[in-house]
Each structure stands twice: as structure tokens, then as C-alpha cells.
Amino acid sequence: MVFELKPYTTEFNEQINDLVYHTVHTICGQFYTPEQCEAWAPKSTNKAVWTDRLEDNYSIMALLKKKPTSHTYVLVCGFGSISAEVPVYLQGFVEDLLGFSRAEVPNPEHLSLVCNLTYLYVGYFCQRVGVGSLMLTELEEHAAKEGVRAFITAVPSVALKFFSAQGYHKLQASPVEALSQNIPHYVMGKILPPPPPEKVKRSRYRDQY
């Protein structure tokens, strides 16, 4: 399986919608009721909503290549997105994540140092092949270069093991409502490592001065 990370484009909305629906109902169905899964990823979701959810944020896709040497992509294996806007229900954990005293209303300067991981989906058909960790690393490195110090996110039970292995820790169990169903997620966070140093290209010519 050969895949490559690419920026999100709207032409893949239908594939993204199908990936979310089938992955939630297949993988997450082990943890949630059919009613909860339908509330989380309804069959009737308008494909265009993904434009609103992903286009204005830093969003990437893992695309399956037709051949290792091909530039033709045949399938979306996963996608991820981050936002500078931390939702209200997560803001009370920001100070604690950064090592300060917990406060329901965080210091605006501290809030600006934290990025919300809004989406990280890996298709049910390509689990455990490194797609999720590759996308997450790209999102973290991009954010770190922009001065972000930490990620915060709400994680369903099915993904706890994955995020823990990536260095995230629980801040507190927190329910997240999806439509009419109350679906429990865990609030998790991670302090990001500093961005890797920029590689300096050395000239093959010696300085003449």
C-alpha cells in the first residue's frame, strides 16, 4: 500500500464523507450503539459540509497511489485537520495542559499557544499501516513551525490507545454531543516538540571574500 500526504481539496468530499460514515459504523460500532454511530456519522450528511469544516483550516489527506511511481491517486485513506480556534468545552483544560493552574477561562496568550486537533480519521480498510501516525506527525510539525506549543483534542474510546502511543495524555473524561446522542470522548493533550531546524543548503562554491 503506497500513500502520500496532500493538502485537502474539495474534489474528495464524497470520498471523505463515505470514509467517515463507514469507519464510524464499522470500527466505532464496537464501542457505541447503532443510534450513537448514526448520530455521529449520519448517512444523509451533505458532502458539502466538509468544505466548511476543512477548507479554512490546515487540512491534509492521505491518498492511496495507483502505483508507487504513479501520480494518480485512487482513494482517500485518511484525513486530518487542525484549527487555531479551541472550542469552549476544551478551553478549561488549556492552562492545565500548559502546566499552569487550571482555569475555566484561559489566559488569551496561553490559548493562542494551543491548537485544536479537529479531525483525524483513518479508513477502516487501512488501519495499522502507519497512516494515522504519519498524518499526525505532519500536523504537529506544521503547527510547531507556526509557534504552537500544544495540541488538544477530544478522543473516542476506540482511539485512546493510538493517541497514548503518540504521546498524548488524558486531561479528563468529557462527553461530546453529536446531534441527539451523548457520545463520551476523552479530552487529551500533548506538548509538542520544538520544530526541527531548517536545513541550510551549503554552496558548492567557497566564499571568495
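Q: Contact means heavy atoms within 4.5 Å. With that settled, which residues is Phe151 in contact with, leaving aside neighbours within four places in sequence?
A: Phe151 touches Ile82, Leu97, Cys115, Leu117, Leu139, Glu140, Ala143, Tyr168, Met188, Gly189, Lys190 and Leu192, once neighbours within four places in sequence are set aside.

Q: Before I go on, what kind of model is this?
A: It's a predicted model, where local features need pLDDT of at least 70 and side-chain atom pairs count only at pLDDT 80 or more, while totals for chains, interfaces and linings use all residues. Residues are numbered from 1 along each chain as its sequence is written, and side-chain values use heavy atoms, with hydrogens and water left out.

Q: OK, the big picture: how many helices and strands are in the chain?
A: The chain has eight helices and seven strands. Those are DSSP runs numbered from the N terminus: H or I with at least four residues for helices, E with at least two for strands.

Q: And how much of the chain counts as buried?
A: 44% of its 209 residues. Buried is under 20% relative accessible area, exposed is over 50%, and partly exposed is in between (1.4 Å probe, protein chains only).

Q: What share of the contacts with a separation of 6 or more comes from residues 24 or more positions apart?
A: 69% of those contacts in the chain.

Q: Back to Phe151. Which residues touch the most other members of the largest nonpolar core?
A: Phe151 is one of them, along with Leu117 and Phe163, in a core of 24 residues. A nonpolar core is a set of buried Ala, Val, Leu, Ile, Met, Phe, Trp, Tyr and Cys residues joined through side-chain atoms within 4.5 Å.

Q: Which elements each supply at least two residues of this core?
A: Strands E2 (58–65), E3 (73–83), E4 (114–122) and E5 (150–156) do, and so do H7 and helix H8 (160–165). H7 gives the most, with five residues. There is also a second, separate core of 20 residues, and Trp40, Met61, Phe79 and Tyr121 are among its members.

Q: Tell me about H7 then. How far does it reach from its first C-alpha to its last?
A: H7 reaches 22 Å with its 15 residues, close to the 21 Å expected at 1.5 Å a residue. The expected span is 1.5 Å times one less than the number of residues.

Q: Which residues are buried in H7?
A: Val131, Gly132, Met135, Leu136, Leu139, Glu140, Ala143 and Ala144. Just after H7, Gly147 takes a positive phi of about 95 degrees.

Q: What about Arg128, what is its phi?
A: Phi of Arg128 is near 60 degrees, a positive value in a residue other than glycine. Most residues other than glycine have a negative phi. Arg128 lies in the loop between E4 and H7, and with a relative accessible area of 82%, it is exposed.

Q: New topic: how many salt bridges does the structure hold?
A: Two. A salt bridge is a side-chain nitrogen of Lys or Arg within 4 Å of a carboxyl oxygen of Asp or Glu. One of them joins the side chains of Glu140 and Lys190 (3.2 Å, N to O). That pair links distant parts of the chain, with Glu140 in helix H7 (residues 131–145) and Lys190 in strand E7 (residues 181–191), 50 residues apart.

Q: Are Glu140 and Lys190 buried or exposed?
A: Both are buried. The other bridge is between the side chains of Lys6 and Glu4 (3.5 Å, N to O). Lys6 is partly exposed because its relative accessibility is 29%, and Glu4, at 27%, is partly exposed too.

Q: Why does Thr45 count as buried?
A: Because its relative accessibility is 15%. Ser44 sits in the H2–H3 loop as well, but Ser44 counts as exposed at 67%. Ser44 and Asn17 are 27 residues apart in sequence and 9.8 Å apart in space, C-alpha to C-alpha.
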